[in-house]
Structure formats: C-alpha cells, structure tokens
Amino acid sequence: MGASIIDSQIFGNIFSTDAMRQVWSDRNRTEKYLDIERALAVVQGRLGIIPQEAADEIISNCDINKIDMDKLREQTERIGYPVLGVVSQLNALCRDKLGEYCHWGATTQDITDTATVMQIREGLEIIDGELKGISDALVSLSKRYRDTPVIGRSNLQQAIPVTFGFKTAAILAGIERHRERLNQLRPRVLMGEFGGACGTLASIETGAMETQAGLMAELGLAQPDIAWHTVRDTIAEVGAFLGLVGGSLGKIAMDVKLMMQHEVAEVYEPFAPGRGSSSTMPQKRNPISSCYIHAAVSVVRQHAAALMDAMIADHERSTGPWEIEWIALPEAFCLLAGALKQTRFVLEGVEVDEGNMRSNIDLTKGLVMSEAVMMGLGPYIGREYAHDLVYDLCREAIGTNRPLLDILAEHPEIKVHLDRDALAKLCDPANYLGQAGVMVDKVLARAAAQ
C-alpha cells in the first residue's frame, strides 16, 4: 500500500523511479546496517580487538535474508531506532554468545549515519547518470540548432533574436556545473561515521583509530578527522545540491511550457497518442512532463531547506533534528530522480518548429530589430539620439501597423546615411545574433572535455 506519491502504484513511476526507490528502501537500508556490522567485525577481528572466532560468526550471519523484517518493525516501534533491532537479531543468530561482540564500540548513530552515506553514494550515482544523459541531449540540440534564430524574451516580451542552440547551450552550461559540483562534493560527503557514544571512541581502549580507518577502507568511504554526529553540513550540502539541480530542471520545464503555448508553438514535448490530452477539449496537448517536473522540484527545494534546519543540533548527540533527515533526504532523492527522468524524456524527444520560431520573430514587423538599427545609426547621429529617434519611429510603426523597415527607409534623417538595402541588413535577424555561435561552441567544448 503506497500512501505517498513516491510509492503510489499509479503515480510512482511518474514522480520517481524504481532504482531510486530501491536505494532508499527499508531492505537496502537494513542491508547497509549489516554491511557495516560485517566490515566492523572483519576489521576488529583482524586487529585482535574481538576474537577471530566471533568475527567469523558475525560475518557469516550478516545476511539480509536472515533478518525478520516484521520483527524489526516491531522492535523499531518499541525502541525508536532500527539499528538496535538489527543488532539484537544478529546477536541471536550467532552461536555460543559470539554475537555479543557485534557492534563493538559503535553507537546507533554511527551505523545509521554511515548507512545513510552509503545510500547517498548510490543515489548520487543514479543522479550522475541522468545528468550525463541530459547533458548529451542538450549537446545534440545545441549543435543542431546552433544557428537557428529564435526570439529572445525579456519579461515575457519579445527582445532581440538569439538562437535556439544558444538557449539550450546556456542550460547545458548549468548542467555541466552541476556535474562538476557532484564531483567536488563526493570527497566531503562520502565520509563515514564511527565515534561511539559522544564521538571520542572511548569504549575501545586500544586500536580505536585503527578500527575507524579500517572500517572506512572496507566500506570505501573517507575517514572523518573528528565525529560529526551533530555537525550536519555534509548532509545539508547534499540537499542543497539536489535543490540546485532541481532548479535547473524547473527552468527547462518552465521554458518548455511557455514555448508549447498555441500562441508560441516553437517547442513541444515528445508526442505519444493520448499523452497530455484533455477529458473535454480534444485539441489539447498539455506539457505533462513539464508539469510533473515543476511540482517535484518545488518539493525538493523545500526538503533542502528542511535539511538545513536539521543542522541545528544540540551538543554532541542531539534531541530530534536528526530525524528530519530520515524524512526529507529519501523523498528529495526520489522526487529528483523522477524529475530527472521526465527532463531526459523531454529533451531526448523534443519537437522543434523552426518555421514558427521565424514567424514569431516576424510578428512585430521588424520592431525586435530596433536595437540593431539604433546601433547601426549610432556612428552617424549618436547613440542616444538614435535611441530616441528609433523609439519614436517604433511608436509610429505600431500606430500605423507598418513594417519598421518601411518607416526607417522613408525618414529623411536616416536615408541620408543608410539606404534601404543597408537598413534591410540591419533588420535581418540572422545578422544580429552577436557571439551566440561562439558561446555555444565554448560550452560544447567544455562539455566534451568534462
């Protein structure tokens, strides 16, 4: 029974993915607890901190299939934490009370936090793969539409021409920065925890630091310099990263929604029969994926804020903010996975209407080229005077519903400097794309290097 949108049988694969749900599942989390207890027994047996016989017995029973999950639920409801229930069951599985050496010197939060970091590692791998797929799709679009003019918009008003490749390359640059951020945060975030009751490892008389180092080596995690039970910046950093990625996906969704409007009709989400249709309006083709992306990433950002709230912990072991992470972190990962999947679907199959892009540039009958005209006239009559003159002529063009080029070509102060052919070149959108192509190429080169 799924009560949340993530676990819903109906909506689950729209708002998340099976792979990310598995990462944050009860079974995977419990298996991580056992992986840590196994690694701890391996290291402490090797160091002689616990008898090798006990280590071997513990290792042999660290099997998720031996854990009674119904019993673990009952134990967790009674105790308040699942780790002690796992340790209790593991102890009972071992012969001759050898299980008493399980969890030697560790505390509940050591196991919980280290397991969470291992889940984060798996979740970030999924995100990394999806970002790579999105990057590849944006590279393809940026190359294909490098020189395809489309109107740039400012405050939802037509501004000056850019290219569609410029639009996609600008987003690509942001995605590549996220990939760089991901690589940078891994060494900080993928750090285990093993400190005991208050982080000092006082319960292990000899070999404490060697145990910590060996445990992290076994698990493939960084060794902390000092306990971080109540210093939660690394977890909050993960949340901030998820929020940043979500913001970029939301930008993509917003532009697609706006460009899918009938009055614009420049870009469409991939077509599938019935997708995005209305129950009452047969003509509708709604931006379904973009709507889901927008909703999901909005919640991810709220979870990022909650993870920052969880940083405000008291003393060496805290009284509650820690549990915020248990709620917010899995949901943030799961919702972002869904948004990444929807974004990749859109970008890999997006339909682009170059004809409508050009038609929309021409809607204003040349008004969007007024800056180009102003700059072209500037050397002859001064930029500021040219601005005021072209402004007045634009108002005339709007009032008379005539092409700006015709009015420019008739004006006595202009035609003495520029004939109609010269003005026509200034009014050609293809001649006023600036360094768009150069910038696209720079982004593509950086993406290729990454």
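With a relative accessibility of 7%, Gln89 counts as buried, a class defined as under 20% relative accessible area, with exposed meaning over 50% and partly exposed in between (1.4 Å probe, protein chains only). The structure is a predicted model, in which local features need pLDDT of at least 70 and side-chain atom pairs count only at pLDDT 80 or more, whereas totals for chains, interfaces and linings use all residues. Residues are numbered from 1 along each chain as its sequence is written, and side-chain values use heavy atoms, with hydrogens and water left out.

Gln89 lies in helix H6 (residues 82–93); helices (H or I, at least four residues) and strands (E, at least two) are DSSP runs numbered from the N terminus. When residues up to four places away in sequence are not counted, Gln89 touches Lys66, Ile67, Asp68, Lys71, Leu72 and Gln75, contact being heavy atoms within 4.5 Å.

Asn360, found in helix H13 (residues 354–361), likewise counts as buried, at 7% relative accessibility. The side chain of Asn360 reaches the backbone oxygen of Val264 at 2.9 Å.

The chain is divided into domain 1 (16–106 + 197–225), domain 2 (116–149 + 163–193 + 228–356) and domain 3 (364–449), with bounds that come from an automatic or database domain assignment. Taken over C-alpha atoms, the centres of domain 2 and domain 3 are separated by 37 Å. Domain 2 contributes 12 residues to the contact and domain 3 contributes 10 residues.

The size of an interface is often given as the accessible area lost when the parts come together. Domain 2 and domain 3 bury about 940 Å² between them, of which 81% is on carbon and sulfur atoms; this area (1.4 Å probe) is summed over both parts.

One salt bridge is found across the interface of domain 2 and domain 3, the criterion being a side-chain nitrogen of Lys or Arg within 4 Å of a carboxyl oxygen of Asp or Glu. A salt bridge joins the side chains of Asp441 and Arg146, at 2.9 Å from N to O. On the side of domain 2 that touches domain 3, helix H7 (108–144) and helix H8 (164–189) each supply at least two residues. H8 gives the most to this side, with six residues. The residues of this side comprise six nonpolar, three polar and three charged, where Ala, Val, Leu, Ile, Met, Phe, Trp, Tyr, Cys and Pro count as nonpolar, Asp, Glu, Lys and Arg as charged, and the others, Gly among them, as polar.

Note on methods
Buried area is the accessible area (1.4 Å probe) that two parts lose on being put together, summed over both. A polar contact is a pair of N or O atoms within 3.5 Å; within protein, one must be able to donate a hydrogen and the other to accept it, and residues adjacent in sequence count only if both atoms are side-chain atoms.
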